[in-house]
Amino acid sequence: MKEKSFLIVVTEKDILKLKVKNINFLFPIKDFSVGFLNTYDIDTITIPNAYLYINRILDNKDIKKLEKILATLKPNIKGICFTDLGIINLAKKLKLSLELIYMQSHNTTNYVSVNYYLDYVDSLLVSTDITENEILSILDHAKKKLVVPYFSLIETMYSRRTLLKNYQKYFALPNKQEETLIEENSKKEFLAIENEYGTVLYAKKFIDYRFIEHENILYYFINPMHLKQKDVKRILEGKEIAVDKDTGFLHQETYYRLKEEEK
Amino acid sequence: MKKVELLAPAGDMEKLKIAYLYGADAVYCAGKSFGLRANAQNFTLEELKQAVKYAHRRHKRLYVTVNILFHEKELENLDAYLKALDKIFVDAIIASDILVIKRAKELGLKLEVHVSTQASILNSEAGLFYKSLGVTRLVLAREASLEDIRKIKEKTHLELECFIHGAMCTSFSGRCIMSNYCTLRDANRGGCAQICRWTFKNKSEKEIFSMTPKDLNLIEYIKELISIGVNSFKVEGRMRGIYYIATVINVYHTILDKISENTLSEGEIKYYLDILNRCANRDSTPQFVNGLPTEEEQYFLGRQELSNQDFLGLVLDYNEKNKMATIEHRNYFKKGDIVEFFGPHLEATTYEIGDIFDEDGHVLTISNHPKKIIKLKIDVKLEKYDMMRIKMFDKQDYL
């Protein structure tokens, strides 16, 4: 088995100090990313082989602004990880030679869809809400190498609404961009992170998919939100860290017809 | 002014017929598989065939949602299903998974492919991407502003469909797995448990709250959307009942007619808005079309449910000779109540309940058994499928 390559979101600058082989850094970009407290001006990214993380759904003004930025990118930018499919068209229009990695974490749920998307991009992130068998089947059948979750909080909602700001205003509370919310029935906890472009809710348990190995993996994806750099280092070394973990949907199939489930 | 399509939801055949009858130009519904309202009754293939015939006989259109995100186990039957929909002359499918869009094209189907709001299209480049896949219509994200809609139309020249009325997701549609995570019910395969409408506690504060958005209502923007070139106005609500569908479609049909005749007044807009809000049990707002929703566009706590007992009866028959209407009872009413009838060809007409008769001609003082058949003597000529509701608003007060 070849050595693993990692794609790690630079949630804080300390992450850049990680000295690990085959590590690639993914920068949430100012005005084009949601779900992160720290974002970066593209001009400040100077490390080689950097990836830009553009995970917002973009409106027309954004896409126009992005077009200008992409047209003058520096050569240290290796690729773009993105959510909005408009970026495929934009990249084609600008004849960009960057790697395009599609990262919409909920709609790459089967290998046929994955292969259709791969006609337009270099790789993509496999969905975070499917079972281990489904992930493996996608990896078996994908015509290009893929990105798979490794150790992360998983995104459970992305809203254009400023849910925290609205809530804080309604209850006359101080403004915070990060809150932990507990759903009263299930007692499940969510980390809400907000900026002016919307709110992202993460399930507040880390998924640990480190055991997944496959030859068709381009990168193992890590969103180290709420992790210290030393914890990330331990994760990369295959060691345990003291955080709440979960196997996510790996062994739990979701269903959608109530009657079927009741049978 | 160019004719714009009014597109209604239908969870079953009765709702579909009501939607067309009350003025929908097209209806969207789902088969038993692959639609995002898995727990609506939905349609068998045979029912879809009948629905298409019913629609086409009336020069109307029928769209079928095939808008789940597919997991591997659902792949097997997709091609056969798409071919079957094509064979029965469904006008279009509404899809969000790239797989469905591509397969429909590869199979050489005649039906149109519309890309669902689940694809969250907010910009023209995304629209052009889908255009390159062969879709003919974009159902835009409900987060689109007027400016976004305008730009997308200008750049893509595709047909645009916009939601103008109904419930909203808290998240971008298709970008939420709260239901999956809390209940294992898959939101993107039709099982959404609407967790955003449940209650949450902030760990660092004592307040309990929900994230429930108020409904969408673009009644005041219809003219502008028409001038931008929007082709289809869509109403949300495949789980809603016939009264809701009749009321909402009737209102929008009337408004579209009045706009085309240039006779819609501000007062009428306010009147229709009150009717719509009453019918939905929720307040409605323009949401994203004119800016970002604030705390005013959301319910946080203890939402006050308005009465939903307004629907009193469905007209089954009217005998012009003796002026007796046969009515299927829905909610309590009694002699002396002030109600109103409305229908596809009947503007809201006030009526004071007189004697109520059962099927055998016995006089009743009240009507309180759902689905019971009763008779009322009414001078106004009624038609089958007209409806009787509590009179809440008088149009004259708004003019």
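Q: Before that, what kind of model is it?
A: It's a predicted model, where local features need pLDDT of at least 70, side-chain atom pairs count only at pLDDT 80 or more, and totals for chains, interfaces and linings use all residues. Residues are numbered from 1 along each chain as its sequence is written, while chains are lettered from A and ligands numbered from 1 in the order in which they are written.

Q: OK, how many residues of chain A are in contact with chain B?
A: 55 residues of chain A, against 62 residues of chain B. Contact is a matter of C-beta atoms, placed from the backbone, lying within 7 Å.

Q: And by class, what's on chain A's side?
A: The side of chain A that touches chain B has 25 nonpolar, 18 polar and 12 charged residues. Here Ala, Val, Leu, Ile, Met, Phe, Trp, Tyr, Cys and Pro count as nonpolar, Asp, Glu, Lys and Arg as charged, and the others, Gly among them, as polar.

Q: Which strand of chain B pairs with S8(A)?
A: Strand S8 (residues 200-202) of chain B, in the antiparallel sense over 3 bridges. A:Glu183 has B:Phe200 as its bridge partner there. Strands (E, at least two residues) and helices (H or I, at least four) are DSSP runs, numbered from the N terminus, and two strands pair if DSSP finds at least two bridges between them.

Q: Switching topic: is S11(A) buried or exposed?
A: Buried: 7 of the 7 residues of strand S11 (residues 217-223) of chain A are, so the strand is largely enclosed by the rest of the structure. Buried means 20 or more other C-beta atoms within 10 Å of a residue's own, with C-beta atoms placed from the backbone.

Q: What about the largest nonpolar core, which residues touch the most other members?
A: Of its 201 residues, those are A:Val147, B:Ala19, B:Val27, B:Ile93 and B:Ile249. Helix H9 (residues 242-260) of chain B gives the most to this core, 10 residues. A core like this is a set of buried Ala, Val, Leu, Ile, Met, Phe, Trp, Tyr and Cys residues joined through C-beta atoms within 7 Å.

Q: Last one: how far apart are the domain centres in chain B?
A: The C-alpha centres of domain 1 and domain 2 of chain B lie 32 Å apart; the bounds come from an automatic or database domain assignment.

Conventions. Buried ≥ 20, exposed ≤ 12 C-beta atoms within 10 Å, placed from the backbone. Contact = placed C-beta atoms within 7 Å.
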